Every structure is written in C-alpha cells, then in structure tokens.
Amino acid sequence: MSANVYDVVVIGGGIVGAACAAECAAEKLSVAIVEMRMVGGGATAAGMGHLVVMDDSEAQFALTRYSQALWNELRDDLPREVEHDACGTIWVAADDEEMAEVFRKQRFYSERGVAVEILDARQLAEAEPNLRPGLVGGLRVPGDSVIYPPRAAQFFVERARARGAKLLVGKAVERATNEGVRLRDGSSIPAGVVVSAAGSWAPELTPGLSVKKRKGHLVITDRYPKFLRHQLVELGYLKSAHSVTADSVAFNIQPRTTGQLLIGSSRQFDVDDTRVDRSIVTRMLARAMEYLPALSKLSALRAWTGFRAATPDKLPLIGPHTEHERLYLATGHEGLGITTSLGTAKLLVDQIMNRTPAIPLTPYLPSRVGSVHV
Ligand SMILES: Cc1cc2nc3c(=O)[nH]c(=O)nc-3n(C[C@H](O)[C@H](O)[C@H](O)COP(=O)(O)OP(=O)(O)OC[C@H]3O[C@@H](n4cnc5c(N)ncnc54)[C@H](O)[C@@H]3O)c2cc1C
C-alpha cells in the first residue's frame, strides 16, 4: 500500500466518526479522518452528553447497554476535561400513569441485569430537594452518567492519531467513489473502506438516505453547585420524544461538573433553521420550572440548537451501504449518539474485520430501511 492510500477513510470528526477512527486504528488499520469544520463541532457539541441505557426497543436497549459498558471500561482513561460524572438518572413520575411506567421500566431493566431503584414521593424529594412537592415518585438508574461530548470526540481523535491516523480538518468530502473519496476541492483520497459518519449531513453524501434532521434546543445556566444531584428526565418525555412528526418539549435537566445546569429539551422535524426559536425556549423553561420551581431564581447564560440525525425506526444505521461496495454508514443516532458512539465503533469494525459482534447486528444494518440510494 502506498503512503497516501488508506485502509479506511472516516468522513466526519463528530463523536461517532472519532470513536470509529480510534477503533479502526486500534486494529492497526491505516486511517484518515476528514472533517469539514472542527472536531466535535456538529451535533456532538450541541448534545447533552447523557450516557443512558434506554428501553424504547430491545435493539435500542442492547446497543445502549453495550455502549455504556464500553464507556465504563474506558472511564479511568478519560482525561479530566471529559468531565465524566457518575450522577445517575432519575425518571420522574408526575402522576399514577407515569408511576405505572416506573414499575414497567423497573421490571424491564431488572430482568436484563440493570440496577434500578424505585423511589416513592418522599424518597424522590430526599434525592432531589428542589423538585416540587406533589410528584408521585421516580426510578433511579445509578449506572447512568454524564460526559462533556466535544472533549470526548477530541480524545478519540487524539487516540486515533497516536495510533497513526491522519486528521484532515477544513476539507469537505463531496462523495464516496469506487476508489475512496472525492473532496470538494477536487482532490481524492484512495481508501479500501469509506465510513460515512457525517451525522445529519449524511444524506448530502448519499442522497436518498433515510435520515432526517431533528432540531433540538438546550439552555445552560450560570453555576449553582449542588442544586441537583442526578440527571432528571420526566416520564412524560416518553410520550413526546417518541413522536416522529409533532414538535415536542419535555423536562430533561443535567447537573454539570462545573455547577452549571443544562436544561433540555425540544424536538422539531422539518426545521432547517439553526437559529434559537424563543417560543420553544420559553416552553422548555416553563416545563422545567413546573418541576423545579426554584429554577426561576437562577440565571440562564445561553441557548443553542443542534440537529439529531433521525431514522424512521429510531435506530442508527451501522454497516454497509446497500448499493455502494466500499461505503459503510455510521449515522442516524438521533438523541443517543454520544452514548452509542462506542458500541457503533465496535460493531462497525467487527463488520470491516469480518468478526462476530458482541450483540446481534441485524437491527442496525442499513439494509433494513428502504430507499438507500447513492
Ligand atoms: C439537543 C441535543 C441533545 C442531545 N443529548 C444527547 C444525550 O444526552 N446523550 C446522547 O447519547 N446523545 C445526545 N444527543 C445526540 C448526539 O449529540 C448525536 O447523536 C451525536 O453527537 C452524533 O454524533 P455524530 O458524530 O454522528 O454527528 P456530528 O457530531 O454531527 O458529527 C458529524 C461531523 O461530520 C462532519 N461532516 C459532515 N459532512 C461532512 C463532509 N461532507 N465532509 C467532511 N466532514 C463532514 C461535520 O462537520 C460534523 O463534525 C443530543 C443531540 C441534541 C441535538
């Protein structure tokens, strides 16, 4: 192989591309990462960084659980700036219907070996004294944690580079070719395998791909250490976040190691505008204050938006493109790409290396969704 021919070219230096590049390099594959803007500057910079086991489907559970275990293995190697915080999650139940969901989730997780703890109203108030009185209870998931995603993406890129990978920043890929990739500046990079980890931009590289942008807003406050102890998510979140058409807002808040509070979140389809929508932020903050009335006394510093890459069945696309021999997809991670980046990287490399993966691959293969065209 000549010096500038790579085994793998990874398109995108978000957390998914970075994790894939590090994993490929760990297998002694020669790797180039092409990032058109900055490492970790896409959805990875916009996200919350909640490493969470989810139970929307068995396949979602399998990938989040597998990925969380990989994050745990890595924990001691993560630099301090990744801000890993084992704060756990509390799913908050506001009424009896949501408490029924607490019991269902408790069964689901316990049967699959995830430690969880049911909290009644008093225990919930003790766990999080700033929550309003009158909530019914909650489910604590102590194994969930939080990181600062852009720094994690940089860490994976640094790991890949330490293993010989080349990083090209400020270069945009136009498309995958039969020889590798063609860049927008007219040059080419020959490669045996191309990995599209372009997040919500992936359909620009492979038109027709079943990935849609789903816009989200977040707000960050000034520093209020000890205001919260856990990531809190309302169970009503499940009713709104899983709609695949309507705009939605739900209470989801995270304590950062800096003492700041990261308040989410919203979901909007068919909105391309990156600007902050005041009406959405107002709804989001009002919802958060319904749960945490004392938030009204705190200062918000900044709001921003980002785009999740959503697939029709809410599972990522990990594996070969159906019509393009050299192209592998690692995109469509919606609101879980920080969590599932590590599992994605393992499953991708298992396919490239023709190895048996640790969890069944079929639910994530791009061939399951229609209309995947080059
Ligand atoms: C508001 C919000 C909250 C979220 N909260 C969480 C959470 O708590 N937990 C969680 O697990 N997930 C969360 N997510 C989801 C998570 O942020 C994403 O799933 C994840 O960041 C996707 O990473 P990625 O690398 O696929 O995409 P990105 O980070 O978007 O990276 C794609 C990269 O590709 C580059 N690129 C695109 N096209 C080209 C091209 N042609 N040539 C070269 N480079 C290109 C881009 O510049 C970009 O850097 C959240 C998302 C949002 C929006």
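1. Which polar backbone atom lies 2.9 Å from an oxygen atom of the ligand? The atom belongs to Glu334. This is a predicted model, in which local features need pLDDT of at least 70 and side-chain atom pairs count only at pLDDT 80 or more, while totals for chains, interfaces and linings use all residues. Residues are numbered from 1 along each chain as its sequence is written, and side-chain values use heavy atoms, with hydrogens and water left out.

2. Two further pairs involve an oxygen atom of the ligand: a polar side-chain atom of Glu35 lies 2.6 Å away, and a polar backbone atom of Thr339 lies 2.8 Å away. Taken alone, the ligand exposes 1000 Å², of which the protein buries 97% (areas by the Shrake-Rupley method with a 1.4 Å probe).

3. The ligand is surrounded by 37 residues (each with a heavy atom within 4 Å of it). Helix 1 (15–26) and strand 2 (31–35) are among the elements that each supply at least two residues of this shell.

4. The largest nonpolar core has 49 residues, of which Ile15, Val31, Trp71, Phe156 and Val195 touch the most other members. Such a core joins buried Ala, Val, Leu, Ile, Met, Phe, Trp, Tyr and Cys residues through side-chain atoms within 4.5 Å; buried means under 20% relative accessible area (1.4 Å probe, protein chains only). Helix 1 gives the most to this core, with 9 residues.

5. Trp71 touches Ile15, Phe156 and Thr339, among others, not counting residues up to four places away in sequence (contact means heavy atoms within 4.5 Å). Thr339 is also one of the closest residues to the ligand.

Conventions
Polar contact = N/O pair within 3.5 Å; in protein donor to acceptor, adjacent residues only side chain to side chain. Helix = DSSP H or I, 4+ residues; strand = E, 2+ residues; numbered from the N terminus. Buried < 20%, exposed > 50% of the residue type's maximum accessible area, 1.4 Å probe, protein only.
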